[in-house]
Amino acid sequence: NIFPIQIIIGAQTLHATGCAWATKLKGETQVSVCYFGDGATSQGDFHEALNFASVYQVPVIFFCQNNQYAISVPVHKQTASRTIAQKAVAYGMKGVLVDGNDALAVYKTVKEAADAARNGGGPVLIEAFTYRLGPHTTSDDPAKYRNAEEAEKWRWKKDPLHRLRVLLEKRGIWTEGEEEEWVAQVNGEVTAAYEEAAADGSGSIVDA
């Protein structure tokens, strides 16, 4: 149920719409979910997909990870809209803006959208407002188009993993001791897997 990766920016929105349309025609209950960045909303495929999905009321969720930058282009140079979520209004579908660094809020929003789509509610556009802390690719240098203070603000105040951990600890579901034990266990498993793979002589490219 997972489509292969494709490299055309925004084209996966069309694939998701087509898959959801097939699901509807076959009377199935699956819901298609399509993930893309804020830069993809500047592509024609994005708008075509939303328009078709809404016209035919297919069960698809368009999930936009708005991390503020399309490589080096800031979101305010991508669109004049106050939010990406509000673009849904033009296509007659529901648009939702959610804190993309709040794991529970994202889960709740996606679940509600999936339940609605599965019950004939049509498509939904979700904008998860977040931030890309690292470079876009290994050849990207974020320092050329944004300041370090901006990134650090998001890193220390809004990190989703830290926020979730703090919540779990406050509710007595998780402790610092459990955290240290779990990290040590996972590190051990990863190291063991690496050493096993490195010691295995089979699968060499020379053998292909």
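Both Tyr69 and Tyr145 are buried, where buried means under 20% relative accessible area, exposed means over 50%, and partly exposed lies in between, with a 1.4 Å probe and protein chains only. The structure is a predicted model, in which local features need pLDDT of at least 70 and side-chain atom pairs count only at pLDDT 80 or more, while totals for chains, interfaces and linings use all residues. Residues are numbered from 1 along each chain as its sequence is written, and side-chain values use heavy atoms, with hydrogens and water left out.

Arg132 lies in the loop between β6 and α4 (148-157); helices (H or I, at least four residues) and strands (E, at least two) are DSSP runs, numbered from the N terminus. With a relative accessibility of 10%, Arg132 counts as buried. Its side chain makes a polar contact with the side chain of Tyr145 at 3.3 Å. Such a contact is a pair of N or O atoms within 3.5 Å; within protein, one must be able to donate a hydrogen and the other to accept it, and residues adjacent in sequence count only if both atoms are side-chain atoms. Leaving aside residues up to four places away in sequence, Arg132 touches Asn67, Tyr69, Ile71, Asp140, Tyr145 and Arg146, contact meaning heavy atoms within 4.5 Å.

Ile71 is partly exposed, because its relative accessibility is 42%. Its phi is positive, about 60 degrees, although Ile71 is not a glycine. Most residues other than glycine have a negative phi. Gln57, in the loop between α2 and β2, likewise has a positive phi, near 50 degrees. Gln57 is partly exposed, at a relative accessible area of 31%.

Helix α2 itself comprises 12 residues (44-55); at 1.5 Å a residue it should span 16 Å, and its end C-alpha atoms are 17 Å apart, which agrees. The expected span is 1.5 Å times one less than the number of residues. Within α2, Phe46, Ala49, Leu50, Ala53 and Ser54 are buried. They cover an arc of only 120 degrees around the axis, so they lie on the same side of α2; the arc is that of the directions from the helix axis to the C-beta atoms. The buried residues of α2 pack against α1 (12-25), β1 (32-37), β2 (60-66) and β6 (124-129).

The aromatic pairs number nine. Rings of Phe, Tyr and Trp (its six-membered ring) pair if their centres lie within 6.5 Å; planes under 30 degrees apart count as stacked, over 60 as edge-to-face and the rest as tilted. Trp21 and Phe52 form an edge-to-face pair, 5.0 Å centre to centre with 70 degrees between the planes. This pair links distant parts of the chain, with Trp21 in helix α1 and Phe52 in helix α2, 31 residues apart. Trp21 is partly exposed at 32% relative accessible area, and Phe52 is partly exposed at 30%. Tyr69 and Tyr145 form a tilted pair, 5.5 Å centre to centre with 50 degrees between the planes. Tyr69, Phe129, Tyr131, Tyr145 and Trp154 form one aromatic cluster.

The count of disulfides is zero, a disulfide being a pair of cysteine sulfur atoms within 2.5 Å. The sulfur of Cys19 is 11 Å from the closest cysteine sulfur, in Cys34, and therefore too far for a bond. For Cys64 the closest cysteine sulfur is also in Cys34, at 9.9 Å, again too far for a bond.
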